[in-house]
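This report examines a predicted model, moving from a single helix to a sheet and then to the relation between the chains.

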2 protein chains.
Amino acid sequence: MIRFYNGKLLRLKGGVSMTEHEVWVEGSRICYVGPKKDQMPDFEREIDLDGDVLMPGFKNAHTHTAMTFLRSYADDMPLNDWLFKQVFPMEAKLDGETVYDFTKLGIMEYLTSGITASFDMYYRNDDYVRANLDCGFRTVICSALNNFDADPTNIEREYLKFNNIHENISYMLGMHAEYTSGLERMEYMRSLLDKYKTPFFIHCSETKEEVDGCIERHGMTPPQLLDKLGLFNYGGGGYHCVWMTDEDIELFARKKLWAVTNPCSNLKLASGIAMVDKMLEAGVPMAIGTDGAASNNALDFFREMYLASVLQKVQNMDAAAGGAEKVLEMACVGGAQAMGINDADDIAEGKFADMIVIDLKRPNMRPLNNITKNIVYAGSKENVRLTMVAGKVLYENGEFFIGEEPEAIYERVEKHMQEFRK
Amino acid sequence: MIRFYNGKLLRLKGGVSMTEHEVWVEGSRICYVGPKKDQMPDFEREIDLDGDVLMPGFKNAHTHTAMTFLRSYADDMPLNDWLFKQVFPMEAKLDGETVYDFTKLGIMEYLTSGITASFDMYYRNDDYVRANLDCGFRTVICSALNNFDADPTNIEREYLKFNNIHENISYMLGMHAEYTSGLERMEYMRSLLDKYKTPFFIHCSETKEEVDGCIERHGMTPPQLLDKLGLFNYGGGGYHCVWMTDEDIELFARKKLWAVTNPCSNLKLASGIAMVDKMLEAGVPMAIGTDGAASNNALDFFREMYLASVLQKVQNMDAAAGGAEKVLEMACVGGAQAMGINDADDIAEGKFADMIVIDLKRPNMRPLNNITKNIVYAGSKENVRLTMVAGKVLYENGEFFIGEEPEAIYERVEKHMQEFRK
């Protein structure tokens with residue numbers, strides 16, 4: 001058993017609460033939350049928080065983890081050149097070994113910014129899962145069905161395999177995007193959803209071109225088309241959701257579909273600014289994601305949270321727009337629920353021990369006028385003292401505990417890139 | 001003498017260059033830049049860069065350092081409530097002791113994000129200067145003349161005093177803003193500028209209300225009014241510059257006036273997004289600032305640099321807009337020149353030893369596809385391995401060397417805030 005004591009416990013579910021409760025961890029789960037007890041068990045480790053904050057980890061609700069290899073590979077160029085001339089030709093070179101190493105690099109970066117779970121859509125899921133298991137990280141894979149899949153039935157096999165492989169791994173059904181998928185593929189997806197009665201996720205209304213193209217092809221926006229085809233019959237949601245019409249927002253709110261916002265990626269690729277406040281006010285459930293490193297270029301949840309709030313202020317020209325508490329709840333609670341890992345949405349008995357410690361003894365956290373606002377508006381990776389996933393400390397005081405040394409991973413990553421650039 | 005070796009030397013002046021040159025420091029200045037020599041002198045310390053990047057420090061070209069005390073004190077509220085109900089009443093409580101401690105807290109935060117000099121406008125400059133000298137930091141003060149100054153002649157006394165106090169300290173003439181200053185004060189400032197033939201800085205066109213109000217009061221925009229009054233006769237520039245007309249931009253380009261952009265503050269206070277690309281294309285010299293912690297809320301140059309580029313992409317709806325190299329040059333070179341500390345604009349013999357070491361052995365810097373883009377688009381405070389100001393290491397591996405322990409400063413800051421909140 002591991003004991004966290006002598007700190008501030010920050011919980012976000014159902015509103016912000018701050019107590020001085022202890023938290024005990026047994027195996028992969030939390031076994032006690034409350035005041036110090038008279039009778040104490042034997043602990044394997046006792047972590048003195050020394051006044052720091054213990055809180056739920058951030059859930060990265062949309063990403064392509066292995067895309068770390070394209071970080072700063074092709075920036076500051078028009079979107080189509082970036083995608084067709086740079087990203088696609090490089091992705092064609094990926095194999096199992098490289099996906100494994102690039103994924104490990106991404107997981108390391110997640111740990112540095114307090115991310116404890118990812119909602120990932122990419123290639124070569126066997127190797128991706130192996131990297132997550134070897135590191136001890138938690139991930140939910142979303143299938144990326146599209147026109148270019150040689151064998152769409154593989155998705156069902158993956159669905160069954162990865163939902164039964166390990167407590168840290170799960171798999172949800174999804175498609176890449178409307179613009180990469182014909183109606184036939186969408187109908188096949190519908191049949192799978194009907195069979196398993198499970199939510200559906202997709203890149204949705206990310207760019208104006210995507211929405212215009214969908215209207216041209218189908219006479220309606222992506223959310224309306226997907227809904228008409230029955231793809232949202234069991235819930236789910238969309239990644240990005242930048243160019244949502246009032247009707248689309250009403251649909252998401254009515255069906256309780258998750259809108260996952262990716263503010264950094266949407267700025268960097270000049271996609272636009274999502275109407276986060278408008279969606280929240282309409283009752284759309286929301287979460288936050290980093291997207292991949294190719295379009296961000298960091299996997300830094302502090303930057304995403306900051307922008308998820310302050311971009312609303314400038315979009316609405318109102319300094320009262322946005323709001324730190326809501327953003328923190330989206331990051332810690334919303335993300336977990338969107339990904340279907342409700343056991344990671346709170347620090348409570350029986351929940352997964354997916355937690356982070358925020359160091360308050362850094363200048364950017366002082367004075368302690370308001371700790372939640374400090375975390376969202378001034379927080380940075382320097383404040384992540386410890387990241388625990390499934391009861392295991394994977395990152396502490398700048399060091400990684402993921403089964404191998406960072407230098408070994410960096411070396412392999414650079415070697416792969418030398419080959420890729422040839 | 002201190003020796004930096006075995007790394008990558010990144011210089012920004014006149015274009016990005018990367019070499020493997022060594023850098024030697026004697027006293028407060030750089031005494032050698034070049035390859036390893038056959039005959040080596042005795043060094044007081046030899047710093048093995050171990051492949052990391054040595055580069056010029058970032059210059060924070062607009063800030064109110066002591067405003068750290070209002071971090072997260074009043075967020076997510078309308079601008080006027082924030083300013084009149086929260087900021088002004090709290091500022092009235094400041095005295096010399098509190099300004100000293102709040103300034104030290106700000107300097108600590110600068111050091112964590114690689115900032116080596118600040119261009120500051122605030123109160124109680126004696127105590128502000130004392131904090132900078134005690135920490136060994138470099139600062140340029142800008143006077144904040146406005147209608148509420150009881151004794152405007154104090155500015156001339158400060159100008160003479162602080163320009164002759166220490167190599168790390170200088171003082172420039174400026175006013176708070178058009179909307180806080182009558183014509184009489186502006187004419188007094190003009191007389192000082194004529195006397196000392198020196199540049200002039202001011203908060204300029206930060207909000208639409210400011211510009212509209214100036215047009216109502218004077219029939220022209222703030223830049224046009226200030227120029228007409230002769231305040232820009234010896235150069236200078238403006239802070240923020242969000243709501244610039246084409247005429248204003250043409251004026252700034254023609255007179256080579258500095259536009260200092262503050263992207264985070266402009267988002268958080270819902271002021272708008274400055275037209276950085278448009279100003280650069282017109283030939284306006286530019287620099288970057290954090291503004292104060294009350295409106296940011298961090299003093300984190302990585303966040304500012306990231307946004308100085310990517311906000312241009314979304315503003316112009318063009319992923320090719322912005323650009324990492326230009327932003328880095330604004331941060332390291334432009335800032336120094338705007339502040340009149342040209343000796344801090346490069347790593348070269350005779351220049352100030354104001355330098356930072358960027359740690360490449362963190363996951364966000366890998367792979368090394370493009371180091372300058374990695375720094376701007378993925379960099380964070382975790383990458384600041386060392387910050388040197390005037391030849392002294394003030395921050396290294398997370399530790400501060402500023403004459404006293406962080407805990408002592410935090411303790412005094414929290415104590416002051418308890419008094420202030422009464």
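Helix α5 of chain A covers residues 183-196, which makes 14 residues. At 1.5 Å a residue the helix should span 20 Å, and its end C-alpha atoms are 20 Å apart, so the two values agree. Just after α5(A), Lys197(A) adopts a positive phi of about 50 degrees.

**A residue in strand β17(A)**

Met388(A) belongs to strand β17 of chain A, residues 384-389. Is Met388(A) buried or exposed? A residue is buried if 20 or more other C-beta atoms lie within 10 Å of its own; Met388(A) has 25 C-beta neighbours inside 10 Å and therefore counts as buried. Leaving aside residues up to four places away in sequence, Met388(A) touches Ala353(A), Asp354(A), Met355(A), Val393(A) and Leu394(A). Gly289(A) is 99 residues from Met388(A) along the chain, and their C-alpha atoms are separated by 19 Å.

**The sheet of chain B**

In chain B, seven strands form an open sheet with mixed pairing, in the order β3-β2-β7-β16-β17-β18-β19. Its edge strands, β3 (17-19) and β19 (399-400) of chain B, each pair on one side only. Within the sheet, β7(B) (residues 53-56) and β16(B) (residues 355-358) run antiparallel and are joined by four bridges. Val53(B) stands opposite Ile358(B) of β16(B). Strands of a sheet pair through backbone hydrogen bonds, either parallel or antiparallel. Helix α2 of chain B (residues 96-112) lies across β17, β18 and β19 of chain B, and runs at about 80 degrees to β18(B).

**Relation and contact of the chains**

Between the chains, 55 residues of chain B are in contact with 55 residues of chain A. On the side of chain B that touches chain A, the elements giving two or more residues are α1 (79-91), α2, α9 (263-268), α11 (301-315), α13 (371-378) and α14 (406-420) of chain B. The residues on this side of chain B fall into the following classes.

| Class, side of chain B touching chain A | Number of residues |
|---|---|
| Nonpolar | 29 residues |
| Polar | eleven residues |

Methods
Residues are numbered from 1 along each chain as its sequence is written. Chains are lettered from A and ligands numbered from 1 in the order in which they are written. This is a predicted model: local features need pLDDT of at least 70, side-chain atom pairs count only at pLDDT 80 or more; totals for chains, interfaces and linings use all residues. Two strands pair if DSSP finds at least two bridges between them. Two residues are in contact if their C-beta atoms, placed from the backbone, lie within 7 Å. Axes are lines fitted to C-alpha atoms, for helices over the stretch in contact, and angles run from 0 to 180 degrees between N-to-C directions. The expected span of a helix is 1.5 Å times one less than its number of residues. A residue is buried if 20 or more other C-beta atoms lie within 10 Å of its own, exposed if 12 or fewer, and partly exposed in between; C-beta atoms are placed from the backbone. Ala, Val, Leu, Ile, Met, Phe, Trp, Tyr, Cys and Pro count as nonpolar, Asp, Glu, Lys and Arg as charged, and the others, Gly among them, as polar.
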